[in-house]
Amino acid sequence: MRRWRTPATLVLAATVLLACSGQRPVAGPPQSGAPATVPVTGPVQGGRLVYALSADANGFNPLTDQFAAQSYSMAGTIIEALVSVDAEGDWKPYLAESLTPNDTYDEWTIKVRSGISFSDGMSLTGDIVKANLEAQKKSPLTAAVFVPIKSFELADPMTVKVVLNQPWVAFPYYLSTQTGMIVPPASLNDPKAASLKPVGTGPFLFKEYVPDNRMVVTRNPRYWRQGLPHLDEVEFRILPDSQTRAQTLEAGGVDAIGTSRDEDLTKFGALKDAYTIHRAQGMAVAEYMFLLNTEVAPLDDVRVRKAMAHATDRKAVISTLRGGLTEQADGPWSKDSKWYAPGGYPEYDLAKASALVKEVEAEKGPLRFELISTPDPNTMQGVELAQDMWRKAGMEVSIKQADQADLINRAITGNFTATVWTQFSAQDPDGEYIWMHQGYAKPIGAVSLNMTRLKDDTLSKAFDVGRMNPDEAARKAAYKTVQERLRELVPYIFVDHLNTGAIVAKTKVRGIGEHVLPDGEKGLPLTGSPIPYHPFGQLWVSER
């Protein structure tokens, strides 16, 4: 079993590196539910779902294991978080009944929902929530996220007060990720067991886990949300090869898959009576980019980074790899986000790129650097395309392959010059604070969540305003400044918004992306990229 742990990748919502190519799905809006030819009669209790994932989890303990999309899919059936996110991208209480800030947003009061028990029979209480949050703050994996927190206080048996060092307007969003996932005291006391056999308050119970093969969960008969889950059992099948996943779905070996291959989406999208396709949208979509190390030569020179941006023909990438169906990215937020600010990104201009390269080479000599990629053929296609574009501008670019674990470890320790990357799908811009603020930029060799290691006072102060000011207009102005600085300093070569990752399911599988939160509001349908994930408690099958 491949279990790689690096203390601060944190990977909360997954720093996913396998940026898939060739994405040419069917045009039109995302599909959901069953086609019109199949009558919808409402959820049916019982049945079994076999669901193919692209990779195994790193483990199932939110305190010790890096969570990526596949981790949330599997562990999320068993372990729940204090907070969820609704369809509009706003945070909503989940295991928490309410979260209330004081007037200055430097204290948050969490009232725990009553009547909830873990599958081991222990009731969920305020002291257990407090113990989980304290453990998260001490964990080498997640401590960096909770740096603004001074202390946790038990106000009463079901209420926890979070005391901060500074105002933190978007704090609840962090409790919707692994840092807000709650496990019982037994899991806190035995983290190794919790990593292999998770226990939580969720709709399913752990049954079986075979590393790099499958995980099986069964219905929790004492689940706190009445009438849920609908399914008796879910088997997660680990099928890393995308072609194998598609073939297994077509052969009837699995009921649903995650994919971003063009042929999968085109083929299954055309078979509307047999399959449905579900795609992520909005802030839930990550960006495909190249991550640049601004601390090492030659990329410590902003002229080189700008030359790379000017030499990158984003339209050609989208046409070649996405069938023309994604939108160009000029920052971490897409045009349909209320936080987006237009203008100023270095446009494709090979002449300008070449001129910058010649200017730098006249001072420093030939421009040579290494570009890292995972060996996945789809990823390599995009990397080789970028290599060719940058070579045309006069840069000598070599490619080095590394597996995903090694690539991530090299990124956070600064042992790289440039690498392919996919990130930035937080529902609130503050979710990108730790990845871009200069306070998280550490020297080469040290673990750095700010992997570009860019230190810019203007950008960091703008992030501080966005974190601490509750006024939306002030926050929008701050994040406008963030986008302006990213476009000026180019620590990332943004390419496109990856809204083509999808879940393909047989039409008998219902409820994907249609879950309802405890307060009755619709939850966020899908999140994560290139392949999105979603909850499983409200899924059902129309035939068994």
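## Worked exercises on helices and loops

Asp-264 sits in helix α7 (residues 262-269). Helices (H or I, at least four residues) and strands (E, at least two) are DSSP runs, numbered from the N terminus.

Before you start: this is a predicted model, where local features need pLDDT of at least 70, side-chain atom pairs count only at pLDDT 80 or more, and totals for chains, interfaces and linings use all residues. Residues are numbered from 1 along each chain as its sequence is written, and side-chain values use heavy atoms, with hydrogens and water left out.

**Exercise 1.** Work out whether Asp-264 is buried or exposed, and find which residues it is in contact with, leaving aside neighbours within four places in sequence.

*Solution.*
- Step 1: the relative accessible area of Asp-264 is 1%. Buried means under 20%, exposed over 50% and partly exposed in between (1.4 Å probe, protein chains only), so Asp-264 is buried.
- Step 2: take contact as heavy atoms within 4.5 Å. With those sequence neighbours set aside, Asp-264 touches Ser-242, Ala-246, Thr-259 and Gly-269.

**Exercise 2.** Compare the span of helix α2 with the one expected, then say which of its residues are buried and what covers them.

*Solution.*
- Step 1: α2 (residues 126-138) has 13 residues. The expected span is 1.5 Å times one less than the number of residues.
- Step 2: from first C-alpha to last, α2 reaches 18 Å, close to the 18 Å expected.
- Step 3: Gly-126, Ile-128, Val-129, Lys-130, Asn-132, Leu-133 and Gln-136 are the buried ones in α2. An α-helix has 3.6 residues a turn, so residues three or four places apart point the same way.
- Step 4: the cover over these buried residues includes β5 (107-112), β6 (149-156), β7 (159-164) and α4 (185-189).

**Exercise 3.** Describe how α8 packs with α10, and then how α9 meets α11.

*Solution.*
- Step 1: two packed helices are described by the angle between their axes and the distance between the axes. Axes are lines fitted to C-alpha atoms, for helices over the stretch in contact, and angles run from 0 to 180 degrees between N-to-C directions.
- Step 2: α8 (residues 302-311) and α10 (residues 350-364) have axes 8 Å apart, at an angle of about 155 degrees. Angles under 35 degrees count as roughly parallel, over 145 as roughly antiparallel, 65 to 115 as roughly perpendicular and the rest as oblique, so α8 and α10 are roughly antiparallel.
- Step 3: the axes of α9 (residues 314-322) and α11 (residues 377-392) come within 11 Å and cross at roughly 150 degrees, and therefore this pair is roughly antiparallel too.
- Step 4: α9 makes its contact with Ala-316, Val-317, Thr-320 and Leu-321, while α11 brings Gln-381, Gly-382, Leu-385 and Met-389.

**Exercise 4.** Find where Asp-212 and Phe-424 lie, and what phi each has.

*Solution.*
- Step 1: Asp-212 is in the loop between β8 (204-210) and β9 (214-219). Its phi is positive, about 60 degrees, although Asp-212 is not a glycine.
- Step 2: Phe-424 is in the loop between β16 (418-423) and α13 (433-436), with a positive phi near 75 degrees.
- Step 3: Asp-212 is partly exposed at 31% relative accessible area, whereas Phe-424 is buried at 2%.

**Exercise 5.** Which peptide bond joins Leu-228 to Pro-229, cis or trans?

*Solution.*
- Step 1: omega is about -5 degrees, and the bond is cis.
- Step 2: Pro-229 lies in the loop between β9 and β10 (233-238).
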